[in-house]
Amino acid sequence: MAEAYDRPLPVPQPESDFYWEKAKAHELWLRHCNGCGRTYFYPRDICPHCFSRETEWAQASGRGTLHAFGIVHRGPTPAFRDHVPYIVALVDLEEGARMPTTLVGVEPDPAHVRIGMALEVTFDDVTEAITLPRFRPAT
Amino acid sequence: MAERSASAAIVGVAESDEIGNVPGKSALQLHAEAAFNALEDAGLSKADVDGLFTAGYSTYDTGEYLGISPRYTDSTSVGGSSFVIHVGHAAAAIAAGRCEVALITHGQAGRSARAPVVRDAGLPIAQYESPYGIIGQPIAYSMAASRYMHRYGEDRTRQALAEIAVATRKWAVLNPKAMMREPLSFDDYHDSRWISYPFHLLDCCIVTDAGAAVVVTSAERARSLPKEPVWVLGAAEHHDHAGISQMGDLTLTPAHVTGPAALAEAGVTHDDIDLAMIYDSFTYTVLVTLESLGYCGPGEGPDFVADQRTAPGGDFPMNTSGGGLSYTHPGMYGIFLVVEAVRQLRGEAGARQVEDVRLSLVNGTGGSLSSTGTIVLGVG
Ligand SMILES: [Zn+2]
């Protein structure tokens, strides 16, 4: 068995169990509002834009573009210090929502990270229970 | 011009006995020392206090520790801006007759706390940001700064961040209470190590142990006290997200609401302000806040701060204490902006005193550029 995973893990909540279950199945699902037509992140039952309760799960394409990033050289907690440098990112998904993530498959060097670059989701099974959606340059 | 006044005034300000590296004090000790010193500065006693304000802790924790049982209580906790917001809340409570002497206290052992502050694992930030190592403000703010650079140009943004770091240090050199008092060159800035690109170490605030307190009272009571009242002329507050991933426009803070609102309430304009105290958790916080407040247009911040304009001797004095970047920053820094504004307005700022400060704008920023409180303070 691999070394114990030592970085923080999400604690799924009743309204996000589905999101994390789908991530485990290597699918990215978002919450879509039939009241205002917007898709949003993070998942919650009542739309944060128009407060409609007419919302539902919708599978995302997994494609998006880089909105903003940072290249972390000083790990924020001891567990991250063995993993620097790493690229934190905000990704604008095709469906209109923006989500936080990390980039993989990109040199952690500003010369290689371009805001606006096309990205696609990839899934990292960090433990048996939890899979984190990460993003890599689109193929 | 008629003598300036308002329904409430700041009459006492102080830090804890020591600030900086203070390993021998708990956060609550720092609250208590600051409260003692600010009441002494005001010429009031603990028995006079009937309104209690703090952030981080609940006021029932600080109230118990201090032995204060208030008839007005406010633990509004929206990050480092909270204490600036408390000044506005205190003024409103006093105007409404809900209390007469409001005590705002702060204390954090940011360097030396023996127990870490634990956050609720059920919050969205813990669920969607922390697992990715998006933890702590340097990382959140660095992402916002990357967006600004992309939008308005990397080189001119970098120069602006350097200007702010260097100018702020010049003020700290003049402040005996500042932690960082060695002069800083542009090369020092550019050569400092990366924390989270695009932030160098010298884009980031220092981390200290410190407490501070502010006493606010009614106009009538203020006039009976030894020191000149510092009037609370305008106040506004706003927040629009908690986590950085939920911030709509990373190049515009809630100060775009609070700046104009506080100035309008005070009946003054940007040009009337003699001293700007702008929360500087990071160099970028200052750049984006000046634009958001309306001091200049979007993307014009780099021109606004060029050529050490905010340094001693410049025509836009700003963060004259040396700021969170070089004076002190225990985690939530907002109250220290108020302390310095009051000292400048009273003419108590010693070697760093700016000439003839009659009006000061104070803007606190909290969380991940999440919340702001803006107040306008003035003397006679
Ligand atoms: Zn909606």
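Predicted model: local features only at pLDDT ≥ 70, side-chain atom pairs only at ≥ 80, totals over all residues.

Modeller: Start with two helices of chain B, α9(B) and α10(B): their crossing is right-handed. Residues count from 1 along each chain as written, chains are lettered from A and ligands numbered from 1 in written order, and side-chain values use heavy atoms, without hydrogens or water.

Helix α9 of chain B covers residues 255-266, and helix α10 of chain B covers residues 283-293. (Helices are DSSP runs of H or I, at least four residues; strands are runs of E, at least two; both are numbered from the N terminus.) The two pack at an angle of about 50°, with their axes 7 Å apart. (Axes are fitted to C-alpha atoms, for helices over the stretch in contact, and angles run from 0 to 180 degrees between N-to-C directions.) The pair is therefore oblique. (Under 35 degrees is roughly parallel, over 145 roughly antiparallel, 65 to 115 roughly perpendicular, the rest oblique.)

Which residues meet? From α9(B) come Ala255(B), His256(B), Gly259(B) and Pro260(B). From α10(B) come Thr289(B), Ser292(B) and Leu293(B). Contact here means heavy atoms within 4.5 Å.

Leu161(B) sits in helix α6 of chain B. At 0% relative accessibility, Leu161(B) counts as buried. (Buried is under 20% relative accessible area, exposed over 50%, partly exposed in between, with a 1.4 Å probe and protein chains only.) Leaving out residues up to four places away in sequence, Leu161(B) touches Met149(B), Tyr189(B), Asp203(B), Thr283(B), Tyr284(B) and Leu287(B). Take Tyr189(B) from that list: Leu161(B) and Tyr189(B) are 28 residues apart in sequence and 9.1 Å apart in space, C-alpha to C-alpha.

Arg158(B) forms a salt bridge with Asp203(B), and their closest N and O atoms are 3.5 Å apart. Arg158(B) lies in helix α6 of chain B, and Asp203(B) in the loop between β6 (199-200) and β7 (209-218), so the pair ties together parts that are 45 residues apart in sequence. Both Arg158(B) and Asp203(B) are buried. A salt bridge needs a side-chain nitrogen of Lys or Arg within 4 Å of a carboxyl oxygen of Asp or Glu. By this rule there are 22 salt bridges over all chains.

Helix α6 takes part in another such pair. The side chains of Arg156(B) and Asp303(B) meet in a salt bridge, 3.2 Å from N to O. Arg156(B) is in helix α6 (residues 154-173) of chain B and Asp303(B) in helix α11 (residues 301-304) of chain B, so this pair ties together parts that are 147 residues apart in sequence. Arg156(B), at 30% relative accessibility, counts as partly exposed. Asp303(B), at 53%, counts as exposed.

Further along chain B, Arg352(B) and Glu340(B) meet in a salt bridge of 2.8 Å, N to O. Arg352(B) is in the loop between α13 (334-346) and β10 (359-366), while Glu340(B) is in helix α13; the two are 12 residues apart and link distant parts of the chain. Arg352(B) is buried at 7% relative accessibility. Glu340(B) is buried too, at 2%. Salt bridges with shared partners also join Asp41(B), Lys227(B), Arg346(B) and Glu348(B) into one network.

Now the backbone of chain B. Asn319(B) is not a glycine, yet has a positive phi of about 55°. Asn319(B) lies in the loop between α11 and α12 (323-327). Its relative accessible area is 0%, so Asn319(B) is buried. Leu369(B) is not a glycine either, and has a positive phi of about 55°. Leu369(B) is in the loop between β10 and β11 (371-378). At 0% relative accessibility, Leu369(B) counts as buried.

Last, a look at chain A. A cis peptide bond joins Phe41(A) and Tyr42(A), with omega about 5°. Tyr42(A) is in the loop between β2 (39-40) and β3 (55-59) of chain A. The bond from Val84(A) to Pro85(A) is also cis, with omega near -10°. Pro85(A) lies in the loop between β4 (63-72) and β5 (86-93) of chain A.

Conventions
Left-handed = near helix turned anticlockwise from the far one by under 90°.
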